[in-house]
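Morning, everyone. I have one structure to walk you through today. Please have a look at it first.

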Amino acid sequence: MLQNNSASRLPLNLDEYAVAAREKLDPMIYDYIAGGADDEVTLRNNRTAYERIALKPRVLVDVSHINLTAELLGTTLAMPVLVSIMATHRLFHEDGEQATCRAAHSMGTISIIGTLSNHTIAEVRETTDGPLWFQLYAYKDMGINRAIIEQGVAGGASALVVTVDTPYLGRRERDLRNQFMLPDDLVTGHLRHLPLSNAQDPTKGAANIFRSYELRSQSITWNDLVTFREMANGLPLILKGILTPEDAKLAVEYGVDAIIVSNHGGRQLDTAIPTIDALPDVVDAVAGRIPVLLDGGIRRGTDVIKALAFGARAVLIGRPALWGLAVNGEAGVKHVLELLRSEIELAMALCGKTSLDDLDRSLLKIYR
Ligand code: LAC
């Protein structure tokens with residue numbers, strides 16, 4: 001009875017989507033996404049760090065109209081929230097990345113397509129005209145990198161995102177405990193026709209993704225960014241996985257167009273700094289020269305406005321989008337974004353702010 005009741009109403013917030021998704025998913029798959037590295041300290045602290053930041057609302061402001069539009073690399077977003085990069089969306093719903101990207105577009109924003117997606121960017125492009133960003137996981141073989149990036153360019157990507165925090169995969173003990181394997185029928189489309197190895201069947205998803213971990217590069221450095229940019233035909237280049245002001249400054253020096261402050265959702269280096277704690281120093285180092293984005297732990301509208309008040313241009317959600325996808329496909333992802341948009345609007349109004357430009361550090365009180 002209880003279960004029927006809970007199934008018949010829509011989740012009220014992003015955490016409730018996680019609960020609803022958990023009820024639907026194979027525990028091994030749920031754990032793969034829900035989990036983090038080692039003791040999951042960073043995973044937890046990405047959330048708890050927001051609780052140490054209090055809001056200082058202003059009153060007697062006309063908040064009858066709230067404007068959530070944000071400008072980002074030549075695109076106007078209807079809300080300052082994108083969907084971050086996650087592998088293999090078809091683990092969660094058969095409509096996969098096509099559904100996630102369509103949902104993001106219907107909300108006036110962007111979902112980034114990963115190297116390890118199931119649908120290729122070309123397949124996503126068949127179903128939507130909206131802006132697409134494309135991610136590179138760098139492989140040892142520069143020919144492979146070129147072939148991956150070329151698919152992004154041909155698919156009409158408007159930016160290339162290079163993930164820089166994953167020379168090796170973090171140690172995820174939930175996956176070891178569960179002996180996590182991807183289903184064999186899950187194809188990672190961008191790698192399908194690439195000469196990654198003849199040892200395994202390239203149509204097998206599990207083989208593909210794990211083989212690709214072995215073949216990924218542990219040696220890319222700042223100088224390789226020039227090559228990636230050239231391969232991307234001059235598309236804006238974004239780095240995902242920056243946590244320090246030193247690396248943020250280097251990114252600007254190397255001509256990077258935007259950075260994403262990210263600790264990979266707590267899945268890589270455990271005890272790495274929570275992203276909201278890393279953000280202010282990164283913003284100060286960049287000094288307005290390029291946009292700074294942030295992901296990790298965003299679950300509430302108040303989280304979003306705290307990040308924007310510190311100087312982020314926009315934020316990205318990860319796991320909640322996949323929970324929405326698991327619960328209800330495209331409509332589920334869309335509803336997750338709608339919930340967050342309503343929460344941002346309400347938080348802005350209750351803070352006495354009407355546009356994202358009004359958000360600054362005077363809104364924040366930080367407890368240490
Ligand atoms: C992960 C990789 C695929 O975090 O990005 O599982």
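I'll take the sheet, then the helices, then the cores, then a few loop residues.

Some ground rules. This is a predicted model: local features need pLDDT of at least 70, side-chain atom pairs count only at pLDDT 80 or more, and totals for chains, interfaces and linings use all residues. Residues are numbered from 1 along each chain as its sequence is written, and side-chain values use heavy atoms, with hydrogens and water left out.

Helices (H or I, at least four residues) and strands (E, at least two) are DSSP runs, numbered from the N terminus.

Sheet first. Eight strands make an open sheet, in the order S4-S11-S10-S9-S8-S7-S6-S5, and the pairing is parallel. Two strands pair if DSSP finds at least two bridges between them. S4 and S5 are the edge strands, each pairing on one side only. S4 pairs with S11, residues 314-317, in the parallel sense over three bridges. Valine 83 stands opposite isoleucine 317 in S11.

Now, what lies across S9 and S10? That is H12, running at about 170° to S10. Axes here are lines fitted to C-alpha atoms, for helices over the stretch in contact, and angles run from 0 to 180 degrees between N-to-C directions.

Next, helix H5, residues 96-106. Nine of its 11 residues are buried, so the rest of the structure largely encloses H5. Buried means under 20% relative accessible area, exposed over 50%, partly exposed in between (1.4 Å probe, protein chains only). The buried ones include Glu97, Cys101 and His105. What do they pack against? Strands S4, S5 and S6, plus helices H6 and H14. Contact means heavy atoms within 4.5 Å.

After H5 comes glycine 108, with a positive phi near 75°. Threonine 109 sits in the loop between H5 and S5. Its relative accessibility is 1%, so threonine 109 counts as buried. Leaving aside neighbours within four places in sequence, threonine 109 is in contact with Leu77, Met79, Val81, Leu82, Ala104 and Leu337.

On to a helix pair. H3, residues 27-34, packs with H14 at an angle of about 155°, their axes 10 Å apart. H3 and H14 are therefore roughly antiparallel. The cut-offs: under 35 degrees is roughly parallel, over 145 roughly antiparallel, 65 to 115 roughly perpendicular, and the rest oblique. On the H3 side we have Tyr30, Ile33 and Ala34; on the H14 side, Arg319, Leu322 and Trp323. By class, that contact has five nonpolar, no polar and one charged residues. Ala, Val, Leu, Ile, Met, Phe, Trp, Tyr, Cys and Pro count as nonpolar, Asp, Glu, Lys and Arg as charged, and the others, Gly among them, as polar.

Now the cores. A nonpolar core is a set of buried Ala, Val, Leu, Ile, Met, Phe, Trp, Tyr and Cys residues joined through side-chain atoms within 4.5 Å. The largest has 104 residues, and Ile259 and Leu279 have the most contacts inside it. H14 gives the largest share of this core, 15 residues. A second, separate core of 15 residues includes Ile110 and Val161.

Last, two loop residues. Asparagine 233 is not a glycine, yet has a positive phi of about 60°. It lies between H10 and S8. At 63% relative accessibility, asparagine 233 counts as exposed. Alanine 287 has a positive phi too, near 50°. Alanine 287 lies in the loop between H12 and S10, and at 56% relative accessibility counts as exposed.
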